[in-house]
Amino acid sequence: MRHTALHRGCRRCLLAALVLTSTAAFADNTDMNVSPALDRVSLWLGAYAADTSTTVSAGLNNPDVKGKLNLQHDLGFPSSQTVPHARFDFLLGESQGFSFDYYRIDQARTKSLDTAIGFNGDTFNAAASVTGRVNFQFGDAAYRWWFGHSNDVFGVGIGAAYYRVYAGISGQASVSIPTVGFSSTAYAATHTTASAWAPELQLGWRHAFSNNLRMYINASGVKKNGNHLGGHIYNGALGLEWFPWQNLGFAAEYDYTRIDVHQGHPAYNDTLAMRMNGPSVFLRLRF
């Protein structure tokens, strides 16, 4: 009896061991199917130190009445600004998942002009005090497919991007129409604001040197066609991730962003052209 009971106990222990081993093997196999270059859940919290050049153009729908301002050159806007930047990624299964990204730029400046400038049919004379502001917000959401399970994976993403832009200038201005002998000096203000959803295409590459050190390249493009509101946004980034701890690390990348947005109105049109490039630094959480 004792031998039979012992035999049964051994069989139960062996069965339990086999179940645990099979479960562990299944879990390990599942994890092995996910490339070491990817994380199941990934959070990026950081800042983008962007060197910025912003040109605002506006004019009446007449080739002879138009104006263009570079906010850094003409109004003394800072050429460098640090802005918040956040991302969130997670996988569904082994090689597909969602990606979210968000950043914004907000600049304002008041300057006393030393030369006259023309904008949207108004002339802001020398010594006039002029205030300019630009606000740009960008967020996107995309579904990504990753190809490969080794240390290198390539990704394609399709999604939608939302952007909102505001640009304005105000100050003492003179308006003149020589053909009818009219001229006047008064406070003038002009601005453009727009927001829209647009389709987005993303491309990516990831390489894992080890579990703690990885490299990546991101590229994305947004394009919206339309006479009333249209334009494009292109972005590229080259980065490096380092994890001194299993779930906590850092990332540094170099970004280049190009934004061109135009609007058409019944009486006038306007365009915002923005160029940004510089490093981004992130605190990285992964699970």
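Buried means under 20% relative accessible area, exposed means over 50%, and partly exposed lies in between (1.4 Å probe, protein chains only). The model is predicted: local features need pLDDT of at least 70, side-chain atom pairs count only at pLDDT 80 or more, and totals for chains, interfaces and linings use all residues. Residues are numbered from 1 along each chain as its sequence is written, and side-chain values use heavy atoms, with hydrogens and water left out.

**View 1. The tilted pair Phe-88 and Phe-90.** Rings of Phe, Tyr and Trp (its six-membered ring) pair if their centres lie within 6.5 Å; planes under 30 degrees apart are stacked, over 60 edge-to-face, and the rest tilted. This rule gives 13 aromatic pairs. Phe-88 and Phe-90 have ring centres 5.6 Å apart and planes at 40°, so they count as tilted. Phe-90 is partly exposed, at 24% relative accessibility. Phe-88 is also partly exposed, at 32%.

**View 2. The stacked pair Phe-88 and Phe-100.** The centres are 6.4 Å apart, with 20° between the planes. Phe-88 belongs to strand β3 (residues 80-92) and Phe-100 to strand β4 (residues 96-112), so the pair ties together parts 12 residues apart in sequence. Strands are DSSP runs (E, at least two residues), numbered from the N terminus. Phe-100 is partly exposed, with 33% relative accessible area.

**View 3. An aromatic cluster.** Ring pairs join Phe-88, Phe-90, Phe-98, Phe-100, Tyr-143 and Trp-145.

**View 4. Charges over rings.** The criterion is NZ of Lys or CZ of Arg within 6 Å of the ring centre and within 35 degrees of the ring normal. Arg-87 lies over the face of Trp-44, 5.1 Å from the ring centre. The charged end of Arg-286 sits over the Phe-243 ring, 3.7 Å from its centre.

Notes: Helices (H or I, at least four residues) and strands (E, at least two) are DSSP runs, numbered from the N terminus.
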